[in-house]
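Here is a briefing on an interface and its charged pairs. Please look at the model first.

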Amino acid sequence: MSSWFYAIGENELIDGGKMPLSLEGNKILLIRQEGVFYAISNKCPHMGCPLSRGILDGHVIKCPCHDWQFDIRDGEFLSAREIKIPVFGTKVSDGRVFVKIYGAVQ
Amino acid sequence: MRSYWVCDGEKMDTGKRKEQLKVMYQRVVDPLGYKFSPDEEIVDFLLEQEVQLEKEKGNPFCPCQGLTGERDHDMKLVCPCIPFHREHYDAMKRCWCGLFVHKSVDDPYELQQISLKDLEESKNKKKKERP
Ligand code: SF4
Ligand code: FES
């Protein structure tokens, strides 16, 4: 079961920007890149550092703690594809950005 | 470099930190096909070393490898470093220190260390043998 949750207004995040959010108890990092919104878990799968403090380069985010790099489109860790950060669906409707959360019922 | 070792403004004790590292590492190495060594004594010893390194240097660096001070190099030696040296570990069925072994390994003392040089040589040999 999954539901869409309102996150932010479309204009609240500039292109290339990132914003940490808490939605339904999930720590999420919302990113806007090349006009598209991506939502990933904000917790690095290595030791849990917040990816919001990392560096975004194209579609790759580098963790601030030990430099592990992840593709924001599918969550894959670039050095070992078996490790992934959770990725959430996003949609924009009437200038509002929504994030799809699994296991949550609105 | 920021350390995430401090919890609620208080330094955690070594035993607690070792347990935390164990839980975090387990989540990382499991999908890669590795597990903690069945030798609990060596696991405990290496984790203790890592906690000391984390206290001194801010990160749980590999207890059996030397750091150079270059970030690109040293970050690949933060435990578990399996993703960055996988080919070598897959060939040995263990990591350099022996903290982790392949899931298929019951007796870590049957495993042999393979030097990086030997690994490269055997790879080159296989390449040449290919038609
Ligand atoms: S060699 Fe083993 S103990 Fe050392 S950092 Fe890598 S995974 Fe950890
Ligand atoms: S916590 Fe993210 S790379 Fe270590």
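Six residue pairs are in polar contact across the interface of chain B and chain A, both residues at pLDDT 80 or more. A polar contact is a pair of N or O atoms within 3.5 Å; within protein, one must be able to donate a hydrogen and the other to accept it, and residues adjacent in sequence count only if both atoms are side-chain atoms. This is a predicted model: local features need pLDDT of at least 70, side-chain atom pairs count only at pLDDT 80 or more, and totals for chains, interfaces and linings use all residues. Side-chain values use heavy atoms, without hydrogens and water.

**Interface**
- The contact (heavy atoms within 4.5 Å) takes 20 residues from chain B and 16 residues from chain A.
- The rule finds two salt bridges across the interface of chain B and chain A (a side-chain nitrogen of Lys or Arg within 4 Å of a carboxyl oxygen of Asp or Glu).
- E82(A) forms a salt bridge with R86(B), with the closest N and O atoms 2.7 Å apart.

**Salt bridges within chain B**
- R17(B) pairs with E54(B) in a salt bridge, the closest N and O atoms being 2.7 Å apart.
- Both R17(B) and E54(B) are buried (under 20% relative accessible area; exposed is over 50%, partly exposed in between; 1.4 Å probe, protein chains only).
- K18(B) and E48(B) form a salt bridge at 2.6 Å, N to O.
- K18(B) is buried at 10% relative accessible area, while E48(B) is partly exposed at 30%.

**Salt bridges within chain A**
- R81(A) meets E76(A) in a salt bridge at 2.6 Å, N to O.
- R81(A) is partly exposed at 45%; E76(A) is buried at 14%.

Technical notes:
Residues numbered from 1 in each chain as written. Chains lettered and ligands numbered in written order.
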